[in-house]
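Please read it with the structure open.

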Amino acid sequence: MTRTEETAEVAGALPASLTDFVSYLLRRVYAQFSQTDHGADGTDSRDFLVLDALTGRDWESQLDLAERLGINRTIMVAVIDRLEARGEVQRTRNPDNRRQYVLSLTDRGRRALEERRRAVADRDAQLTAALTPAETARLDELLARLLPEQAQTLVQGTEYLVAQAHHRLRRQGDDKLAGTGLRVRHYGPLSALAAFGPWSQQRLAEFLAITGPAVSQLVDELVKQDLVRRGRDPHDRRRYALEVTDLGREKLVLVTAAVTELADDVAQLLGPGGEEELRTLLWKLLEPETFSTTGIPEGAKSSVPARG
């Protein structure tokens, strides 16, 4: 994920055509959490996840731990190197497999973990202030269902659950589009332009509630694949008018199917009633003064697929 993508979301009305998707609301909450100081997606977050996972047991496979936590293998090596250099984790040869190292938490690591747990608890309380304790507990329970079964007991804390669930759903959605050159992030701009275009790039950014650089990156990706064309706005020759090509409309069918399938996967993971319950809790975490649903142009609402 590029830095432009990480900081894409801005405060503003959210497109009603996207807010029915739990994965979209989860991305918005993830972005809101990440925009505050010390977000749970940097170096410290991975250090905490690994230390917490080592509590009460040793791990005989660094690769297994990386997969369970959803951390890239190369990044995991760097994390363990860093924790070992600080004396918080130790590697010892596995006597049963000399090619493997057993990972263990040191006394210093336990002390560091306790300090970070307090900091994580304080930050979670701040980020979930809009929820009651019971609602926060339920949110954590529902978010954990979106993680692989083997990771559900390893990831603790609302902020970390939001980050891990967001990344997993993003990967799962993109995997459904493997080989097409498309990503789930292309659904928003393609569906909006198909329904309401031609639009200026600025209007598209406002509709999607994302930054100018972020929408520019998305449009560049779509133009490069000949899914969107840039024409001159007849009302303002200084601006481009963006519109979906015939090929773009064909590809929109594919990305819509993937997004819909991902929504069905989410509903199945959450169980009966869980999808609506999680959607309600995520809405409560989004600032009501700035994150309301945006209006759809009159007569065009039916043109945008809802929940797929």
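This is a predicted model: local features need pLDDT of at least 70, side-chain atom pairs count only at pLDDT 80 or more; totals for chains, interfaces and linings use all residues.

1. **How H8 and H12 pack.** Two packed helices are described by the angle between their axes and the distance between the axes. Helix H8 covers residues 158-175, and helix H12 covers residues 246-270. Their angle is about 135°, and their axes lie 10 Å apart. H8 is therefore oblique to H12. The crossing of H8 past H12 is right-handed.

2. **Who meets whom in that pair.** H8 brings Arg168, Leu169, Gln172 and Gly173 to the contact. H12 answers with Leu262, Asp265, Val266 and Leu269. By class, the contact of H8 with H12 holds four nonpolar, two polar and two charged residues.

3. **The largest nonpolar core.** How many residues does the largest nonpolar core have? It has 85. The members that touch the most other members are Val50, Leu69, Leu143, Leu146, Leu190, Leu204 and Leu278. H12 supplies the largest share of this core, with eight residues.

4. Set aside its neighbours within four places in sequence. Leu190 is then in contact with Leu182, Leu222, Leu227 and Val228, and also with Val244, Gly248, Leu252 and Val255. Gly248, Leu252 and Val255 fall within the residue range of H12.

5. **Val120.** Is Val120 buried or exposed? Val120 sits in helix H6, residues 107-127. Its relative accessible area is 13%, under the 20% cut-off, so Val120 is buried. Beyond residues within four places in sequence, Val120 is in contact with Phe48 and Tyr160. Val120 and Gln156 are 36 residues apart in sequence, yet their C-alpha atoms are 9.4 Å apart in space.

6. **Arg229.** Arg229 belongs to strand E4, residues 228-233. Its relative accessible area is 41%, between the 20% and 50% cut-offs, so Arg229 is partly exposed. Which residues does Arg229 touch, not counting those up to four places away in sequence? They are Ala241, Leu242, Glu243, Val244 and Thr245. Val244 is also a contact of Leu190. Arg229 and Pro198 are 31 residues apart in sequence and 9.5 Å apart in space, C-alpha to C-alpha.

How values were computed. Residues are numbered from 1 along each chain as its sequence is written. Side-chain values use heavy atoms; hydrogens and water are left out. Axes are lines fitted to C-alpha atoms, for helices over the stretch in contact, and angles run from 0 to 180 degrees between N-to-C directions. Helices (H or I, at least four residues) and strands (E, at least two) are DSSP runs, numbered from the N terminus. Angles under 35 degrees count as roughly parallel, over 145 as roughly antiparallel, 65 to 115 as roughly perpendicular and the rest as oblique. A crossing is left-handed if the near helix is turned anticlockwise from the far one by less than a right angle, and right-handed if clockwise. Contact means heavy atoms within 4.5 Å. Ala, Val, Leu, Ile, Met, Phe, Trp, Tyr, Cys and Pro count as nonpolar, Asp, Glu, Lys and Arg as charged, and the others, Gly among them, as polar. A nonpolar core is a set of buried Ala, Val, Leu, Ile, Met, Phe, Trp, Tyr and Cys residues joined through side-chain atoms within 4.5 Å. Buried means under 20% relative accessible area, exposed over 50%, partly exposed in between (1.4 Å probe, protein chains only).
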